[in-house]
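Morning, everyone. Let me put the structure up, and then I'll talk you through it.

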Amino acid sequence: MSIQVQNTSKLYGKQKALNNVSFEVASAEIVGFLGPNGAGKSTMMKIITCFIPPTSGKVNVCGFDIAEQSIEVRKNIGYLPEHNPLYLDMYVKEYLLFIAGLHKLAGNRTQRVKEMIDRTGLAIEQNKKIGALSKGYRQRVGLAQAMIHDPKVLILDEPTSGLDPNQLTEIRNLIREIGKEKTVMLSTHIMQEVEAICNKVIIINKGEIVANTTTYELRNNSGNNQIINVEFDKSILPSLLKSIKGVKSVENINGNSWTITASSALDIRPEIFQFAVQNNLTVLTITKTIQSLEEVFQQLTR
Ligand code: ADP
Ligand code: MG
């Protein structure tokens, strides 16, 4: 396991930012840490990266305890904090050399900086001051500094916030590439981002984990429903409609129009037609929509 979080809570004064959080991240996964603003994402990431201590609980990174082996943890982890704090007056290369120095990197640091510049696509901007770079290139500098000591695990706190659509695609592609060899945990409040980059998703709301699953599962099984709108020619008892195979709930819209919610596993429209025939009803209209992941997220974090 790359990251193990057990029963971790964090109090800021009286405010509980994390409440008994537990989860694990396996190696070479890209995990989306998804939650609305204020859910506790940054707090959890600061704890994992040894920037703040938890109030209670146990956290391991690559088998090292954050409280007792923080030096080992820091060696194994790269961190891109929220708002990516950079020294705007420093040149890209100078800054990366400075970071390499902080990590006391052995070997040729200039060579390592060059590798990072190539890896993150910074070559054409490498001679500029950081303050002169666009947000997308600043994020690349942030990623380069996070990876310079070749950590096994990367913690990226909202790495794509504030990027324009082109920059967004480029940084997502870069993270996907990085995820082929490293464990990546990235936070976001955008469901599409998780769909675009992550194999797994952990959803946090008000300091508590409300989902921990694969993106595939989330899309296909856990809670995303098919919604059928149907209008019959005559009235019908809701209890009868509910007896149709696969139906979770029914709601009368008006008159003989109904909204039927079913699990998305199978299309229940044929069942509805059969039901209509058996009950001497005519189907006047029928439409099906699949609940989006966005709606699943909204339900889980309401
Ligand atoms: P997220 O990153 O998901 O937006 P945070 O971890 O930043 O959430 O915040 C979780 C909760 O803890 C929020 O209610 C926030 O206001 C509170 N919080 C975060 N940092 C501090 C702090 N240093 N002092 C007091 N409250 C804080
Ligand atoms: Mg945050």
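I'll take the ligand site, then the sheet.

Some ground rules. This is a predicted model, where local features need pLDDT of at least 70, side-chain atom pairs count only at pLDDT 80 or more, and totals for chains, interfaces and linings use all residues. Residues are numbered from 1 along each chain as its sequence is written, chains are lettered from A and ligands numbered from 1 in the order in which they are written, and side-chain values use heavy atoms, with hydrogens and water left out.

Start with ligand 1. The residues around it include Tyr-12, Gln-15, Ala-17 and the run Pro-36, Asn-37, Gly-38, Ala-39, Gly-40, Lys-41, Ser-42 and Thr-43. "Around" means a heavy atom within 4 Å.

What makes up that shell? Four nonpolar residues, six polar and one charged. Here Ala, Val, Leu, Ile, Met, Phe, Trp, Tyr, Cys and Pro count as nonpolar, Asp, Glu, Lys and Arg as charged, and the others, Gly among them, as polar. Helix α1 (41-48) and strand β2 (15-25) each supply at least two shell residues. α1 gives the most, with three. Helices (H or I, at least four residues) and strands (E, at least two) are DSSP runs, numbered from the N terminus.

Now the polar contacts, meaning N or O pairs within 3.5 Å. A ligand 1 oxygen is 2.7 Å from a side-chain N or O of Gln-15. Another entry is the backbone: a polar atom of Gly-38 is 2.7 Å from a ligand 1 oxygen. For Gly-40, also a polar backbone atom, the distance to a ligand oxygen is 3.0 Å.

On to the sheet. Four strands form an open sheet, ordered β2-β1-β4-β5, with antiparallel pairing. Pairing takes at least two DSSP bridges. β2 and β5 (64-65) are at the edges with a single partner strand each, so one side of each has no neighbour in the sheet.

Seven bridges join β1 (residues 3-12) to β2. Ile-3 stands opposite Val-25, and Leu-11 opposite Lys-16.

Notes:
A polar contact is a pair of N or O atoms within 3.5 Å; within protein, one must be able to donate a hydrogen and the other to accept it, and residues adjacent in sequence count only if both atoms are side-chain atoms.
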